[in-house]
Amino acid sequence: MKLTHTIKMLLASLMLAIMAIAQSAQADPTPTPSPEPTPSPFPSPPTSPSPVPKLYLKGLEYYTANGKNWVRHQYDVLNKTDYPAALFAPAPNLPPCGANANSSRTWVDFFDQTGKRLYGFCALGKPEDLGDIWFATEEGVIPPSWIYIEINDRQTNTKYKSNLGDTTL
């Protein structure tokens, strides 16, 4: 009698375990890996899209300007050399950046995670300049949790949005 009861309990436990495994297999199917695209050299736009900018925080610089203390959040674009120099050439035929009538073809803007513009650059002269971009916050002000940049090719009206980057080290 006890043996029968024990066997029934074991079978019931086994059935519950099998049902749980079957249900979890249905809820979380194993993803099928997608084939990786073959990397190709980056020709001049618009014949091929630019790579996604890979933004990362290099460091923080504390400084004083106009009697206030500031924190400069310094960034680099890891794959900056994937962008052609032509994107950063002077573009006097495009609208100016303030008084700079010779601003570059491509502008770079910082945004917080909600899409609010924080700061921008309109006179970068070469792809390597993407290694020295920044935005500032007043010291004591909590920066946004995440930021991203948009590289805006004004000639082709194409924007390249980066990953979200940290604002603290």
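**Around one isoleucine**

Guide: If we leave aside its neighbours within four places in sequence, Ile 133 is in contact with Leu 55, His 73, Gln 74, Tyr 75, Val 77, Val 108, Phe 110, Phe 121, Leu 124 and Ile 149, where contact means heavy atoms within 4.5 Å. This is a predicted model, in which local features need pLDDT of at least 70 and side-chain atom pairs count only at pLDDT 80 or more, while totals for chains, interfaces and linings use all residues. Residues are numbered from 1 along each chain as its sequence is written, and side-chain values use heavy atoms, with hydrogens and water left out.

Ile 133 is also among the residues with the most contacts inside the largest nonpolar core, together with Tyr 75, Phe 110, Leu 130 and Ile 149, and this core has 20 residues. A nonpolar core is a set of buried Ala, Val, Leu, Ile, Met, Phe, Trp, Tyr and Cys residues joined through side-chain atoms within 4.5 Å, and buried means under 20% relative accessible area, with exposed over 50% and partly exposed in between (1.4 Å probe, protein chains only). At least two residues of this core come from each of S1, S2, S3, S5 and strand S6 (146–153). Strands (E, at least two residues), like helices (H or I, at least four), are DSSP runs numbered from the N terminus.

Let us look at how some of these strands are joined, remembering that two strands pair if DSSP finds at least two bridges between them. Strand S1 (residues 55–65) and strand S2 (residues 68–77) run antiparallel and are joined by 10 bridges, and Tyr 62 has Val 71 in S2 as its bridge partner. The hairpin of S1 and S2 has two residues between the strands, and there Asn 66 takes a positive phi near 50°. On from S2, six bridges pair it in the antiparallel sense with strand S5 (residues 133–138), where Trp 134 is the bridge partner of Gln 74.

Charged side chains come next. Side chains of opposite charge can pair when their charged atoms come close, and a salt bridge is a side-chain nitrogen of Lys or Arg within 4 Å of a carboxyl oxygen of Asp or Glu. The structure holds eight salt bridges. One of them brings together the side chains of Glu 61 and Arg 72, at 3.2 Å from N to O, and it links distant parts of the chain, with Glu 61 in strand S1 and Arg 72 in strand S2, 11 residues apart. Glu 61 has a relative accessible area of 28%, so it is partly exposed, whereas Arg 72, at 17%, counts as buried. Another salt bridge joins Lys 159 to Glu 150, with the closest N and O atoms 3.9 Å apart; Lys 159 is exposed at 52%, while Glu 150 is buried at 15%.

Glu 150 leads us to Asp 109, which touches it along with Arg 117, Tyr 119, Gly 120, Tyr 148 and Ile 149, not counting residues up to four places away in sequence. Asp 109 lies in strand S3 (residues 106–112) and is buried, with a relative accessible area of 14%. Its side chain makes a polar contact of 2.9 Å with that of Arg 117; a polar contact is a pair of N or O atoms within 3.5 Å, where within protein one must be able to donate a hydrogen and the other to accept it, and residues adjacent in sequence count only if both atoms are side-chain atoms.

Finally, we turn to the rings. Rings of Phe, Tyr and Trp (its six-membered ring) pair if their centres lie within 6.5 Å, and planes under 30 degrees apart count as stacked, over 60 as edge-to-face and the rest as tilted. By this rule there are eight aromatic pairs. The rings of Phe 111 and Tyr 148 have centres 5.3 Å apart and planes at 15°, so this pair is stacked. Phe 111 lies in strand S3 and Tyr 148 in strand S6, so the pair ties together parts that are 37 residues apart in sequence.
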